[in-house]
Amino acid sequence: MQAKSNTGNVIRLAAAQALSMTTMNVNIINTALVGSLLSPLPWLATLGLSLQFVTSMLTTLPASLLMVRFGRRPVFMSGVMIAAGSAFTQGIAILISNFWLFCLASMFLGIAHGCAGFYRYAAADSAEESQKPKAISYVLAGGLLAAFMGPEIARNTVDFVPGHLYAGCFFSVAAVQLVSLGFLSGVKIPKPELTGSGGRPIGRFFKMPIFVVGVISAAIGYAMMSYMMTATPLQVVNVAKLGTSANATIIQWHVVAMFAPAFFTGNLIARFGAPVILTSGVLIYLAAIASALLGDGFWWYFVALACMGLGWNFLYIGGSSLVASAAKPEERGRVQGIADLVTTTSVTTASLAAGALHSQFGWEVMVLSALGPVMIIAMAVAWLGMVCRPNHA
């Protein structure tokens with residue numbers, strides 16, 4: 001009965017994930033471009049996107065604690081309503097050419113993304129321990145639908161409102177978000193039973209290699225993906241002059257690479273272990289950096305972003321599965337909230353750095369700067385391997 005119930009949760013959460021990622025994809029494709037049209041200074045072009053990550057960062061821990069108190073479903077549904085209102089306001093800001101209103105609406109959209117980030121953990125709540133990586137993986141696989149919906153909306157609604165580029169994109173995703181309410185209303189996940197102690201102190205988890213490496217892999221892995229994806233539209237459209245259609249295609253297949261492997265990533269983790277999958281993610285990221293540096297034609301950007309998507313899938317799902325396995329039910333609110341706080345903080349920093357480095361120093365310097373964080377993941381995974389080997393022995 002529990003397995004059947006959780007299958008329904010996974011399907012509904014995967015659908016909500018798809019619609020949430022559709023909104024995010026449209027924002028990734030268009031927000032920096034809208035910023036370049038409305039912002040008073042060129043280096044502020046990515047401010048709206050960066051502010052989304054800032055508010056998402058600030059939302060994660062409070063949202064996680066609210067879910068412990070009130071349950072997952074009401075917090076998820078509130079996030080969807082905020083997303084719809086924020087996207088609609090972004091469209092209005094474009095109509096009246098108000099950059100600061102656009103940034104404000106982007107901030108509130110970050111609140112919605114902060115709530116939606118817990119869909120994957122919610123799917124694991126009712127799953128057996130061995131099935132948690134698969135539950136997380138299948139929910140994230142819902143983003144595959146977004147890989148096609150988001151770019152198509154972005155591509156076909158650019159001129160939807162005559163005389164106001166990109167406004168139609170944001171009005172469209174505001175409507176898309178409302179569909180999520182139907183799926184989330186049927187999610188059934190019991191609130192965790194709280195004990196008197198509330199579980200182990202949070203400091204204990206930062207002494208656990210499985211938790212530390214899980215957080216590092218998910219946080220830096222997500223940050224580097226965001227870092228590259230934030231600056232690529234500016235490079236492709238404004239520098240390489242490949243056009244908005246080429247940009248949408250690159251982002252579209254980047255998102256396909258992010259989510260299509262999720263159908264089997266959980267099985268790979270179950271078979272080979274998280275360290276092997278995390279190592280593969282690091283190697284794929286290095287291939288992405290190499291492709292980004294080797295040329296400035298369409299296919300170089302295409303391969304670089306596709307590799308970033310695949311590497312993100314391995315690092316984010318692998319890291320999240322480690323975090324999910326570290327906490328008991330009464331500890332999830334604090335532990336998952338702290339883990340996602342670290343992740344969104346890293347993503348925010350990376351997004352801000354991407355816009356600044358790209359505008360001030362160019363694409364090559366920006367891409368080379370990604371090598372340092374990727375090597376941090378590599379060292380963390382190697383450490384986990386050394387720690388786990390004696391334990392298995």
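Modeller: Happy to! Let's start with S320, which lies in helix α14; helices here are DSSP runs (H or I, at least four residues), numbered from the N terminus. Please keep in mind that this is a predicted model, where local features need pLDDT of at least 70, side-chain atom pairs count only at pLDDT 80 or more, and totals for chains, interfaces and linings use all residues. Residues are numbered from 1 along each chain as its sequence is written, and side-chain values use heavy atoms, with hydrogens and water left out.

Colleague: Why is S320 called buried?

Modeller: Its relative accessible area is 0%. Buried means under 20%, exposed over 50% and partly exposed in between (1.4 Å probe, protein chains only), so S320 counts as buried.

Colleague: Which residues is S320 in contact with, leaving aside neighbours within four places in sequence?

Modeller: R120, Y121, I136 and A218; contact means heavy atoms within 4.5 Å.

Colleague: What makes α3 roughly antiparallel to α4?

Modeller: Helix α3 (residues 72–95) and helix α4 (residues 99–116) pack at about 160°, with axes 8 Å apart. Axes are lines fitted to C-alpha atoms over the stretch in contact, and angles run from 0 to 180 degrees between N-to-C directions. Angles over 145 degrees count as roughly antiparallel, under 35 as roughly parallel, 65 to 115 as roughly perpendicular and the rest as oblique, so this pair is roughly antiparallel.

Colleague: Which residues meet there?

Modeller: Among them are V75, F76 and G79 in α3, and L101, F102 and A105 in α4.

Methods
Helices (H or I, at least four residues) and strands (E, at least two) are DSSP runs, numbered from the N terminus.
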